[in-house]
Amino acid sequence: MTTQARTQFLEAGMRLYPQHGYRVSVRLLAAEAGLSPGMFHHLFDSKDAFVGELLRQKYGEGFERLILHIPAGAPVREKLRAALAFVAFFTRDNLPWVHRIFADSSSGAECVSAFIKNHGSRHVAVLTGLLAEGIENGELPPAALSQYFGFIMGGVIEPMIVASHLQSAGLAPPLIAAEFPYLISNEAVIQRIDWALCALFGNQHPQEKP
């Protein structure tokens, strides 16, 4: 019963967090889970502990799939393309989570900030590791990894985050608002990835679109 109840609370949190974030109440979680608030306090040391576990579970599932998505033994460009595509699509499919996590951290939710610091940036190590591999084997010219990382993330991921935030706030310029569905589409994401990789690697060995 304890394991099942814990799962029910975490599943309820998965449904509620994108809308309510850290401020979600124990009472609302209990109602969503079909359990009592007392059971929540029996299972979790605090709401901070619950939110931290929830975020680790959500991110952990995605991170495990990211690692499996990178083709072992492939050239760096191909591995980087696969990793970028996964991170981009995971971000796109979880934009409400992304916005809520950063909002909660900015509002002082220490458990959320701790998650970002200790767990939520493992994909950064994967991407910068691939970039470092490219530099080491001569596929990329020497440069600061932060420069490479900022370039690819700014070109591929950031447009979705910024545009979706402006869109939800009703502040998107007319062109962005009209083309937002295309901006986050698979086709547009892959095109931005290929543009970024062409800029970094040149046109040698271009990859086919998936």
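## Chain layout

Read along the sequence, the protein chain runs α-α-α-α-α-α-α-α-α-α-α-α, with 12 helices and zero strands, where helices (H or I, at least four residues) and strands (E, at least two) are DSSP runs numbered from the N terminus. This is a predicted model, in which local features need pLDDT of at least 70 and side-chain atom pairs count only at pLDDT 80 or more, while totals for chains, interfaces and linings use all residues. Residues are numbered from 1 along each chain as its sequence is written, and side-chain values use heavy atoms, with hydrogens and water left out.

Taken along the principal axes, the C-alpha atoms of the protein chain fill a box of roughly 60 × 40 × 30 Å. Of the 210 residues in the protein chain, 42% are buried, a class that means under 20% relative accessible area, with exposed over 50% and partly exposed in between (1.4 Å probe, protein chains only). Among contacts (heavy atoms within 4.5 Å) between residues at least 6 apart in sequence, 67% join residues at least 24 apart.

Helix 4 covers residues 47–69, and its 23 residues should span 33 Å at 1.5 Å a residue, which agrees with the 33 Å between its end C-alpha atoms; the expected span is 1.5 Å times one less than the number of residues. The buried residues in helix 4 are Phe50, Val51, Gly52, Leu54, Leu55, Tyr59, Gly60, Gly62, Phe63 and Leu66.

Phe50 and Phe9 have the most contacts inside the largest nonpolar core, which has 64 residues; such a core is a set of buried Ala, Val, Leu, Ile, Met, Phe, Trp, Tyr and Cys residues joined through side-chain atoms within 4.5 Å. Helix 5 gives the most to this core, with 10 residues. When residues up to four places away in sequence are not counted, Phe9 touches Leu29, Ala30, Ala33, Leu35, Ser36, Met39, Phe40, Leu43, Phe44 and Phe50.

## The largest pocket

The largest pocket holds about 610 Å³ of space, a volume being the space filled by probe spheres set on grid points that are joined across faces, edges and corners. On a 1 Å grid over the protein atoms alone, a pocket is an open set of points where a 1.4 Å probe fits, with protein on both sides within 12 Å along at least five of seven lines, and its lining residues have an atom within 4 Å of a point. There are 26 lining residues, of which Tyr59, Thr91, Val98, Gly120 and His123 lie nearest the centre of the pocket.

Several elements give two or more residues to this lining, including helix 5 (76–93), helix 6 (95–106) and helix 8 (122–136), but the largest share, six residues, comes from helix 4. By class, the lining has 18 nonpolar, six polar and two charged residues, with Ala, Val, Leu, Ile, Met, Phe, Trp, Tyr, Cys and Pro counted as nonpolar, Asp, Glu, Lys and Arg as charged, and the others, Gly among them, as polar.

## Individual residues and helix 10

Lys79 is found in helix 5 and counts as buried at 11% relative accessibility; leaving aside residues up to four places away in sequence, Lys79 touches Ile70, Pro71, Ala74, Leu130 and Glu133. Asn118, by contrast, lies in helix 7 and is exposed, with a relative accessible area of 51%. The C-alpha atoms of Asn118 and Arg56 are separated by 9.7 Å, although these residues are 62 residues apart along the chain.

In helix 10, Met160, Ile161, Ala163 and Ser164 are buried, and the buried residues of this helix pack against helix 5, helix 6, helix 9, helix 11 (174–183) and helix 12 (186–201). Gly170, whose phi is positive, near 70°, follows helix 10.
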